[in-house]
Amino acid sequence: MSITYLEAIRAALGKALADDPRVFLYGQDIGAFGGAFKATKNLAKEFPGRVLDAPISEDAIVGAAIGAAIHGMRPVIEMQYADFSTPGFNQIVNQAATHFWRTQVPCPITIRLPSGGTSGAGPFHSQSMESLYAHYPGLIVMTPATVEDAYSMLLEAVAIDDPVIFCEHKRLYSHLKAPALPTEAMPVGKARIARAGRDLSIVAYSAMLHDALAAAEELAGEGAEIEVVDLRSIKPMDTDTIMASVARTGRLLCVGESFPWGGVTAEVVARVATEGFGLLDAPPQRLNAKDTPIPHHPNLWLVHRPTAQTVCAAARNLLRM
Amino acid sequence: MSKGRRGTHCPATGTVAVPNHLGVVCGAAWQRNGTGKETVCARTMNLVRVFPMQQTLECRASQDIVSPFPEQYLKAFGLMVVARVLDDKMAGLYRAGKIQGGVFLGRGQEALSVSIGLALRPGDIFAPLIRDGAGRLAFGEPILDAVRTYLGSALGPMRGRDGNVHRGRPREGLLAMISHLGAMISVVNGGLMAHRFQNRKGLVGAASIGDGATSTGSFHEGLNQAAVERLPLVVVVANNQYAYSTPNHRQFACDDLADKAAGYGLAARHADGTDLEDCLRVVAEAVAEARAGAGPQMVFARLLRLCGHGEHDDAQYIDPRLKESAVGRDCIEVAEKRLLREGWADAKAIRAVRQTAAREVDEAVATVQREPAPDPYKENWCALASEHLGDLFEHPVSFPAISPISSHQSHPTPSSQP
């Protein structure tokens with residue numbers, strides 16, 4: 001018996017619906033159809049009237065979620081793809097993110113973003129939006145990399161009184177499996193040491209965690225002990241755990257799947273450089289996708305984003321510095 | 001005048017007006033119990049007890065009382081006057097350099113706006129826009145909320161974190177608008193969806209927008225969504241001929257804005273935005289239809305903005321022919337003439353309405369000018385309700401030593417977007 005990342009998300013949605021009458025789901029094709037990725041399969045039947053198909057109106061979908069949240073509900077929104085959250089961007093960053101600050105009335109919405117690249121998906125079905133949303137005050141941004149986190153963090157996202165951007169990685173949906181759903185979880189805001197080591201810290205999140213772990217395994221065969229930190233949530237970012245890891249290893253490589261200008265990896269490097277400069281034995285490094293739109297063809301796509309191989313190469317370079 | 005246990009008898013109309021009914025004539029919410037101070041009822045010149053500047057929206061206009069028409073007209077007129085006086089006061093304070101940011105007036109839109117507020121009940125949702133001072137008062141927003149938000153009082157609903165027209169009390173159904181036009185429509189939809197989930201029946205939501213907002217994607221998405229969900233939404237479009245400086249002919253190309261409603265499957269009504277009676281009737285009809293379950297409704301009213309976009313704008317672009325046409329009439333002057341012509345009020349009564357409004361606004365300003373401004377050292381600087389999840393950013397320097405301004409020592413800025 002095993003459960004996939006996608007099944008864990010579906011189980012969390014079902015549990016949230018069962019446990020809390022304030023919860024409802026709203027998004028495109030999520031009703032009888034069960035969603036583009038089947039994350040809501042059977043939920044409309046199981047919870048009649050609480051899993052609503054929405055028109056193709058991301059702005060109005062988020063706006064309605066905000067209005068419902070202000071009036072006592074706990075909406076969970078599915079964006080069909082993270083890329084399609086841009087038409088709802090205004091409502092997310094200007095309405096949801098500012099609402100509590102302005103009015104002292106919380107806006108507890110959860111926005112699920114099926115994120116990241118899969119082969120052949122192209123420029124508009126592959127993006128990772130976490131850095132954009134993390135930039136805005138008032139939002140919490142989660143990037144679960146494991147089946148257990150996909151389940152427990154989604155439940156936490158629904159329970160949190162603030163708007164949560166839940167970045168679930170499409171590449172993990174069916175490939176990542178765990179023996180069972182977790183019975184306990186780390187709190188949101190805490191990073192996890194996914195692999196202990198003493199020579200170099202790789203800080204990663206979402207699907208890149210698995211490329212980082214694969215790289216660490218390969219480098220172990222070369223005698224290097226790589227520590228891998230899974231950020232879990234990028235906002236809030238657990239600076240303490242990052243800094244403690246860098247204190248152990250003296251070397252930092254931060255890996256992210258999104259575009260290279262700014263973003264999560266730049267934030268990690270900035271924090272370590274400004275607050276932990278003395279801990280570093282070598283310049284902190286970052287590895288991201290290339291600064292182009294995400295290509296369609298697998299030959300191009302495989303080179304566009306970081307992989308275990310390029311993470312390995314970057315780590316080897318850093319170990320030589 | 002005789003004072004009964006439940007209300008005040010108005011000999012002129014032979015009706016009994018309960019306090020929360022008359023209180024709003026003077027721009028103040030009414031509380032049935034406790035002590036208030038005496039003020040003048042615009043309708044009869046009788047003294048009634050009202051609580052000016054009540055700090056909650058618990059008592060609103062209308063309630064379930066159906067007013068005889070002249071009384072409703074008078075109540076609306078009283079609120080319009082308060083809104084105009086308040087606007088004029090804010091404009092004066094802006095010119096005197098006492099207000100940070102912009103000042104945005106509802107001049108010319110009071111008749112339409114007040115009609116929305118009067119048609120709503122407790123539990124309803126109202127998303128006002130920038131020219132809805134009259135509608136806000138009618139919905140029950142205290143004068144103090146406006147003054148505190150404009151002057152930046154720490155005691156106001158936005159506590160200096162947001163200003164001018166960006167105020168609200170979402171828990172009491174009064175949404176705090178963002179600047180992005182059309183964006184509030186779907187938020188009202190969501191509130192109405194929540195009511196449906198919570199099995200709260202008979203409640204409606206109203207969103208106020210202008211001709212400019214009809215060009216936004218949010219407007220389109222919001223209306224379509226309301227129609228698909230068959231929500232009790234009323235969208236009132238104030239076509240005031242200009243979106244900032246852009247005239248109608250550069251904003252849309254259909255013959256009549258109301259043609260858009262049919263495209264969404266919505267009912268549409270026209271109103272003459274300069275005519276209070278027409279506005280009261282048409283908006284009330286639309287709200288009643290929505291309340292009865294007939295699905296989303298739209299009202300399209302023509303009027304002219306009798307001021308700039310904000311007080312930084314001299315509005316020299318407004319076509320003088322429009323000002324002289326019927327659409328350029330001042331709805332308050334039109335209503336006043338009607339009151340006199342019908343004998344519903346005499347000049348003395350109208351004067352009393354204006355005096356009462358002026359006094360209440362002056363009192364509010366005097367109160368707020370003694371109130372503290374927000375203190376940057378006491379601000380928690382956390383945008384999250386879950387404060388423990390706030391990200392921690394190291395600041396290389398502590399806050400610079402500044403001299404915080406108090407709410408009455410502001411400095412003017414040349415212009416500001418709402």
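Q: Which strand does β10(B) pair with, and in what sense?
A: This is a predicted model. In it, β10(B) pairs with β11 of chain B, residues 297–302, in the parallel sense, over six bridges.

Q: What is the bridge partner of B:His270 in β11(B)?
A: B:Phe300.

Q: What order do the strands of the sheet come in?
A: β5-β6-β7-β11-β10 in chain B, five strands in an open sheet with parallel pairing.

Q: Which are the edge strands?
A: β5 (125–127) and β10 (267–272) of chain B, each of which pairs on one side only. From one strand to the next, the twist averages 15°.

Q: Switching to the chain contact: how many residues of chain B are in contact with chain A?
A: 37 residues of chain B, against 39 residues of chain A. On the chain B side, α6 (183–197) and α7 (217–229) are the elements that give two or more residues. The largest share is from α6(B), with 11 residues.

Q: And by class?
A: The side of chain B that touches chain A has 16 nonpolar, 15 polar and six charged residues.

Q: At what angle do α6(B) and α7(B) pack?
A: About 20°, and their axes are 7 Å apart. Angles under 35 degrees count as roughly parallel, so α6(B) is roughly parallel to α7(B).

Q: Is the crossing left-handed or right-handed?
A: Left-handed, as α6(B) passes α7(B).

Q: Which residues make the contact?
A: From α6(B), they include B:Ile185, B:Asn189 and B:Met193; from α7(B), B:Phe219, B:Leu223 and B:Glu229 are among them. The contact divides into six nonpolar, five polar and two charged residues.

Key
Residues numbered from 1 in each chain as written. Chains lettered and ligands numbered in written order. Predicted model: local features only at pLDDT ≥ 70, side-chain atom pairs only at ≥ 80, totals over all residues. Pairing = 2+ DSSP bridges. Helix = DSSP H or I, 4+ residues; strand = E, 2+ residues; numbered from the N terminus. Axes fitted to C-alpha atoms, helices over the stretch in contact; angles between N-to-C directions. Contact = placed C-beta atoms within 7 Å. Nonpolar A, V, L, I, M, F, W, Y, C, P; charged D, E, K, R; others polar. Parallel < 35°, antiparallel > 145°, perpendicular 65-115°, else oblique. Left-handed = near helix turned anticlockwise from the far one by under 90°.
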